Amino acid sequence: MKSRHEPSEAVAGKELSAGWRSLLSFLIFLHLFALLVAVTSQHLGSVLTTKLRRVPDLSAVPGIGSQSWAHRLPQVQNYLQMLNMDLGYAFHLSSGGPDVSNRAPDTEFAWEGDFALPGETQKSQFPEPGTWPRQRRNRFAALGRLAAHFASTDRLSTSETVLAGGIAAGWAHEHRATAGTVRLMRRDLPRTVLPPETTESVLRPVFEYDLVAMGDRIEVQKKNPRSDTAAPAAPKGQP
Amino acid sequence: MKLGVGGYVRDLADGVGRAWNRFWFTPSQPQTLALLRVLTGLVVLYTLATYTPDLDRFFGPDGWLPVGAVRQLQTGSWRFSYLDYLQNPTALRLAHFAAMGVAAAMVLGLFARLTVALTFVVVLSYLQRAPMLTSEFEPILAMVLAYLAIGPCGACYSVDAWRTRRRAQGAVAIIGPRWSATVATRLLQVHLTLVYVMMAAGKLTAHYYMPEEPERRQEAVEMYPWWQGEAVGWLLAQPHGPLVNLDGLRGRTIVVNAWTHAIVAFELAFPLLVWVRLLRPLMLALSAVMWAALAVLTGLVSFALMMFIAGLAFVPPEVVRGWLDRRAESSP
């Protein structure tokens, strides 16, 4: 159906020569093809799309897994990556990162630290309660999800370990901590639509880092990898 | 119509070709793109401002996300971020405020061709320096900026247009229809349609197993939260999700079910019905209501705002001109 706001067909293409129209049509077609490859590679499983993509090891990592695939068509992959359009757009309206795990959000992560400072100890948490605006808070929440994924996978590479530990060390460094513990906590959310009084949830530790002073820098040592499979521990200082 | 298969194929090819040319290359006015430029530029400014308190923390030389570790995670990716090369806190801060200046120039329409393209590079650089900090919002922002960068979005409601009028020394400068405005607008419309389709498809295929443990998969039941109407209940359950206290809704199963189904129905309907001229205003009004409600429910204010702004690509330029010129005439 033609809009009455659109110019009439009589003037269609008047400003463009046939050669330019052909060239632009070709480029538009290539762009739309690339977008179709991106979205179908993420969600559909035809033989063609499977051939066009590489199933990534980091497929469930928010912000990374959704953007690493399709080496069968490297030009398309590179083009879309440059434009930040290498996504499936299957958003589930969750906070803290695109949910590429094909599930609605049911877990929330937070970091908790018991820092030993010169002459005192301090307990901190991030995202800090009241972090404002929401966009800032969502970035911290995304980091929690990322670290939790790294903690729960069996295929940890050096860079993943470095990144999760780097978050813990960087946070401790900000507090000028000399010793202490940093914990990644998870809160499992209720799975059913129930009244609030029956849906109380608590934070429990996923894993812990011990802070170790190495000269003027703080290094981290992971204490209990894969403790996310252990029985929930009583939360410290949490509602 | 010519007889025979050959004639039919020729007619079909001619018809498709004419329709393609009419859809993509019919010159149109740039007012819609100009409106998108101003609104998107304001969102970019806000986004950059929210990075300011955490600039050193995320991107600094002693920050949480060292360039080397991030790049190692993205081995083989084609990405560029000028932030990778700023390993000095002062340089990082200077570049950040320069980026905000570029975004402000985009809003004002000052050297718009250049500043819109530069703003796109700025936004991509922040996203690609640390993709793990991004959410649903950033890809939509990047999408709109990409198409604004190829369209004449600074041709009106801009400092550039004001300077052109001044150079014309009082003569009325006519903003003519341009094919580049049509190409940019159509690309944005088509891409946004694709986003809506995939959002709806993603929700309808999202599932989990109950109980969840892999070793109990034999007895597990497949659950589809968006089909079963419970997804909004999950969103309500996020402790830091809703903007206001919506706990009162948690026990109201019918309301939660209805809201869940309304979200999916809207996301299925929008990409089809927004192309129908008569229903377009209705769909845009519904999108305003739906995204405002979703912003309150999920706390994803930027994402909801950006989805609404992107939807304005469907507003005809004549309507935008009517809105803004009327406002200009009524202002003192």
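Accessible areas come from the Shrake-Rupley method with a 1.4 Å probe, and for residues only the protein chains shown count as cover. On this basis, chain B of the predicted model exposes about 14,400 Å², with carbon and sulfur atoms supplying 67% of it. For chain A the accessible surface comes to about 11,100 Å², and 57% of that belongs to carbon and sulfur atoms. Because the model is predicted, local features need pLDDT of at least 70 and side-chain atom pairs count only at pLDDT 80 or more, while totals for chains, interfaces and linings use all residues. Residues are numbered from 1 along each chain as its sequence is written, chains are lettered from A and ligands numbered from 1 in the order in which they are written, and side-chain values use heavy atoms, with hydrogens and water left out.

The overall make-up of the two chains comes next. Helices (H or I, at least four residues) and strands (E, at least two) are DSSP runs, numbered from the N terminus. Chain A has five helices and five strands, which follow one another from the N terminus as α-α-α-β-β-α-α-β-β-β. In chain B there are 15 helices and two strands, and its C-alpha atoms fill a box of roughly 75 × 70 × 50 Å along the principal axes. A residue is called buried under 20% relative accessible area, exposed over 50% and partly exposed in between (1.4 Å probe, protein chains only). Of the 239 residues of chain A, 54% are buried; of the 332 residues in chain B, 53% are. With contact meaning heavy atoms within 4.5 Å, one can look at contacts between residues at least 6 apart in sequence: in chain A, 60% of them join residues at least 24 apart, and in chain B the share is 75%.

Rings of Phe, Tyr and Trp (its six-membered ring) pair if their centres lie within 6.5 Å; planes under 30 degrees apart count as stacked, over 60 as edge-to-face and the rest as tilted. This rule gives 19 aromatic pairs over all chains. In one of them, the ring centres of F140(A) and F58(B) are 5.5 Å apart and the planes stand at 45 degrees, so the pair is tilted. Since F140(A) belongs to helix α4 (residues 134-152) of chain A and F58(B) to helix α3 (residues 55-59) of chain B, the pair joins two chains. Both residues, F140(A) and F58(B), are buried. F58(B) also pairs edge-to-face with W64(B), at 6.2 Å centre to centre and 80 degrees between the planes; W64(B) is buried too.

Elsewhere in chain B, one aromatic cluster includes W20(B), F23(B), W24(B) and Y196(B).

Finally, V320(B) lies in helix α15 (residues 317-330) of chain B and is buried, with a relative accessible area of 0%. Leaving aside residues up to four places away in sequence, V320(B) touches Q31(B), T32(B), L35(B), Y157(B) and V315(B). V320(B) and L35(B) are 285 residues apart along the chain, yet their C-alpha atoms are separated by 7.6 Å.
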